[in-house]
Amino acid sequence: MCEHVLEVKNLKKVYGIHTASEFEALHDIDFICDKGEFICIMGPSGSGKSTFINNISTIDNPTSGKVYIQGTEIRTMSANEIGKFRYDNLGFIFQDFNLLDSHTIYENIAMPLSLKRVKPQIINDKVHQLSKRMNIDSLLKKYPHECSGGQRQRAAICRALVNEPKIIIADEPTGNLDSVNSIKNKAGI
């Protein structure tokens, strides 16, 4: 029996409802992703890929339709429940990194575990293991502005993986990596 980790039913997203600039970005989308699947969504710029990602990942709310993650309909949860749900189930890799400039690379990677109140030694071990694997262990005391775009993206990838999420939501996760690191990350090295 398949385990659906993500299920979308009749998803619709409309911007500027009841205005002259009303725009339907997503129309009646049905989608299922089972445990262990790797799904890539492709399309031209402006086709709704980021809107779709934001609506299935609790970042934005759909205009209508249902989104189930691990069998839970996310629109029925309170803001606090969604926050906890994100920490427990989701890892995000954003095209523009979304690292906190006032925190070191170490602190950025550790953030999801810190918010879950994981023991400091476990956090330290996981951050060091992932950063070594992504070849950024020498950057842990630096701030994002002191790192290249590729280094910041690898830190963002570490942050997404550190809490061992059930689902990883990625918006062009290798766009800022050089070709060698892009191939390594796609291969899971």
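I began with Val14 and found that its bridge partner in strand 2 is Glu24; strands here are DSSP runs of E with at least two residues, and helices are runs of H or I with at least four, numbered from the N terminus. The model is predicted, so I kept in mind that local features need pLDDT of at least 70, that side-chain atom pairs count only at pLDDT 80 or more, and that totals for chains, interfaces and linings use all residues. Residues are numbered from 1 along each chain as its sequence is written, and side-chain values use heavy atoms, without hydrogens and water.

Next I followed the strands. Strand 1 (residues 4–15) runs antiparallel to strand 2 and is joined to it by 8 bridges, where pairing requires at least two DSSP bridges between two strands. I then noted an open sheet of 4 strands in the order 2-1-3-4, with antiparallel pairing. Strand 2 (23–34) and strand 4 (72–73) each have a single partner strand and stand at the edges, so one side of each has no neighbour in the sheet.

I turned to helix 4 (residues 120–133), whose buried residues are Ile123, Val127, Leu130 and Ser131, buried being under 20% relative accessible area, exposed over 50%, and partly exposed in between, with a 1.4 Å probe and protein chains only. Seen down the axis, these buried residues fall within an arc of 95° (taken from the directions from the helix axis to the C-beta atoms), so they line one face of helix 4. On the face turned away from that buried side I found the exposed residues Gln129, Lys132 and Arg133. Just after helix 4, I noted that Asn135 takes a positive phi of about 60°.
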